[in-house]
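Me: I'd like to learn how to read a structure like this. Can we go through it together?

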Amino acid sequence: MVKYMKIAVGQGSCGIAAGAGKVYKALSEQGLGSVLAKTGCIGMCFLEPIVDIYGDDGQLKRLVKVSEADAEKIARFVKEGDEEAIRSLEISCEDSEFLTKQTRIALRNCGIIDPENIDEYVARGGYSAIEKALDMTPEQVIETIKVSGLAGRGGAGFPTWFKWNAARQSVSDTKYIICNADEGDPGAFMDRAVIESDPHNLIEGMLIGAYAIGAKEAVVYVRAEYPLAIERLTKAIAQAKEKGYLGQNILGKGFSCEMRIKAGAGAFVCGEETALIESLEGQRGMPRLKPPFPAQSGYWNEPSNINNVETFANVAWIITNGGEAFAEMGTENGKGTKVFALTGKVKRGGLVEIPMGKTLRDVIFDIGGGMRSDKAFKAVQLGGPSGGCIPAALIDTVIDYKSLSATGAIMGSGGMVVMDESTCMVGMARFFLDFTTKESCGKCVHCRIGTKRMMEILDRICKGEGKQGDIELLEELCVSIKDGALCGLGQTAPNPVLTTIKYFRNEYEAHIEERKCPAGECVELISYSIDPEKCRGCSLCAKKCPVSAIDGVIKQPHKIDTEKCIKCGNCKAVCKFSAVVCE
Amino acid sequence: MSCCCENKSDLTLLADVLNEYKSVKGSLITILQHAQEIYGYLPEDVLRHIAEQTDIPVAKVLGVATFYTQFRFKPVGKYLIMLCQGTACHVNGSERIAAAIKEELGIEDGQTTDDGLFSIKHVACLGCCSLSPVMMINGDTYGNLTPDKAKQILRELKNEE
Ligand SMILES: Cc1cc2nc3c(=O)[nH]c(=O)nc-3n(C[C@H](O)[C@H](O)[C@H](O)COP(=O)(O)O)c2cc1C
Ligand code: SF4
Ligand code: SF4
Ligand code: SF4
Ligand code: FES
Ligand code: FES
């Protein structure tokens, strides 16, 4: 009989949120403690909690959407080999394609190793890249990164070797290497997953960067909202120090580098690199004027290099496999892979890493399985509040820096939010602007006041009080904010508005001219009613209405009192006969 | 009610933190984070004490503290509900969850219930977008919320009291 060596339960934040912790506990109560292991996140969020069972025949059984109640079945399978017990939990072929269609470099260990155990990272070749790098000259390391074509994954897509080289060239005894793990885009979680699932990969990438630029101190700036990431990275740093991969005289090769974590305190603008430096210094996170660039004068006015988590997560792989291997993937305008956090109305949401050069269709339909409901795909938002949306007509756009920018959106850091017909694009633009208005640091007038003015206009459009000329006014404000803002936050804040106007102008016009929200989302512009033809009088809607606005006799058509109705949409959601109409 | 300028927080609780960080430059935010962990929020006398001990002007301590959304200046309820208003949660109906919480507890963003049990704060992305809409209560994450499910969770917490 096959012996089951390891039962790994995925324990990323979202796995835990889905109940992975309870499943783990239930499995240990079944007496499986000796083979039970924790792992990070495989990125199949839509199937969490996930349990992987490894047999000594090399086979892997992946069980999905496991609940506590399934523990007993799993125990039966592991102890008695009862295949039937777990059949219904096994991942389907279709769902497995979510992973098999990906190419994983930055995420290569995620969900496979135990992030709290350095030996598992080392067993998969971990820390061999730093050893190799330390036998190269810093210039050779930078050259390898140059050959790889690696560009910053934090949003701007700036060539990594160039920044490293600039910091290398700056002369100083003290230099810093900093990791930007602020992950501010409200709909993205790639960086969190990497730190939670493979923290040593980040540490190793940062060490190689430190060696390349000549830094002896490394700082990771992590968002305060990511407690688990902070906890795992803290453990990982301690383990790496203990094993001699971090600290003084690393691997006996004469290079020393210390690493510490600084928790952010909640401010989107601190993701901007100069604001991040201000925040590291204990100040309000207000962006500084560039130049000087951090490579010349950054943290404590010393040469500093800041990279995103995913950027660093590619570095060890590149050193091990060579720059050419990385550059082989992708297109002329984007090398290697990119990780996306695929969410929204898509069927299979999670972490997707693909070589650049694939299309949006490949990601959203092939890997993501298309829409969750029967509604049609409408648009996809890339790059969060700094990015833009790309409409269904451009679904075949190639994923690389240049092609995405050509649409008016950006590659961004990897947030990919899919929207269907039920999402109002004006509402979407308003949502992002509301965010940037609140997050503007207030230093520049254009950004501070301009976004407020835009917000007022969008507010009135969504309320059905829009005026002729509002669209043009918005466009005008967009231009002046872009020109007048000091940092990327202000410069990119108009993007969601500009792209929605560009691709969904008719939706703006419907709000303004006809006082209608075509997607049926803007509350002020819609009303709910029941179609008497379709209503079977089951009364379910009446039970679910929070304000008792629905009346009717059982088995007879019901009616909504529009005076009372607060437009919560509960009735439409529960009606099994699609009798509730919203227009 | 005592006057707000009266010293009432036990400042000795902060001694270790101050000893560790007060002479490390750039540590103000770290000190504030520890202080908030100890007191649950940042009382005025604590902020003044930090200013004195670190030799940073009070105005600057306040300036930094008010810049970041993590810091609170009023006590929060026993259960702090962080309701995600990130993009994915927005697209999947987080506003309806906010409405349901308001129906159940009568509070909205930034408020605390009269019995001091619940506070609610809107936050941007908790990093569990695939389970959107999501809320986190005292570190536990609840995903795939519906208005009913959210109310149910709050009721269970109430019943535990
Ligand atoms: C408002 C604003 C927010 C940003 N947020 C982030 C972030 O959360 N994470 C990140 O890596 N980069 C962020 N950036 C980009 C950084 O300024 C910087 O370009 C990046 O960290 C550099 O790393 P990379 O070259 O590896 O991409 C942000 C920029 C702006 C203007
Ligand atoms: S553009 Fe906005 S966020 Fe950036 S510095 Fe100016 S006011 Fe601050
Ligand atoms: S739930 Fe639908 S079918 Fe039932 S009473 Fe309401 S509208 Fe009619
Ligand atoms: S939309 Fe909400 S308030 Fe209006 S009738 Fe339906 S359930 Fe009641
Ligand atoms: S399951 Fe880990 S990010 Fe979703
Ligand atoms: S948008 Fe809510 S968890 Fe990410």
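This is a predicted model: local features need pLDDT of at least 70, side-chain atom pairs count only at pLDDT 80 or more; totals for chains, interfaces and linings use all residues.

Me: Which domains does the assignment give for chain B?

Reply: Chain B has domain 1, covering 11–67, and domain 2, covering 79–160. Taken over C-alpha atoms, the centres of domain 1 of chain B and domain 2 of chain B are separated by 30 Å.

Me: Next, sheets. How should I read the one in chain A?

Reply: The general idea is that strands of a sheet pair through backbone hydrogen bonds, either parallel or antiparallel. Here, four strands of chain A make an open sheet, ordered E2-E1-E3-E4, with mixed pairing.

Me: Which strands stand at the edges?

Reply: Those are E2 (36–39) and E4 (60–63) of chain A. Each has a single partner strand, so one side of each is left without a neighbour in the sheet. From one strand to the next, the twist averages 25 degrees.

Me: In what sense do E1 and E2 of chain A pair?

Reply: Strand E1 (residues 4–10) of chain A pairs with E2(A) in the parallel sense, over four bridges. Look for Ile7(A), which stands opposite Leu36(A) in E2(A).

Me: Now a single residue. Is His200(A) buried or exposed?

Reply: Buried means under 20% relative accessible area. His200(A) has 2% relative accessibility, so it counts as buried. You'll find His200(A) in helix H11 (residues 199–213) of chain A.

Me: What does the side chain of His200(A) make a polar contact with?

Reply: That would be the side chain of Gln239(A), at 3.4 Å. Leaving aside neighbours within four places in sequence, His200(A) is in contact with residues including Pro115(A), Tyr121(A) and Ala236(A).

Notes. Residues are numbered from 1 along each chain as its sequence is written. Chains are lettered from A and ligands numbered from 1 in the order in which they are written. Side-chain values use heavy atoms; hydrogens and water are left out. Domain bounds come from an automatic or database domain assignment. Two strands pair if DSSP finds at least two bridges between them. Helices (H or I, at least four residues) and strands (E, at least two) are DSSP runs, numbered from the N terminus. Axes are lines fitted to C-alpha atoms, for helices over the stretch in contact, and angles run from 0 to 180 degrees between N-to-C directions. Buried means under 20% relative accessible area, exposed over 50%, partly exposed in between (1.4 Å probe, protein chains only). A polar contact is a pair of N or O atoms within 3.5 Å; within protein, one must be able to donate a hydrogen and the other to accept it, and residues adjacent in sequence count only if both atoms are side-chain atoms. Contact means heavy atoms within 4.5 Å.
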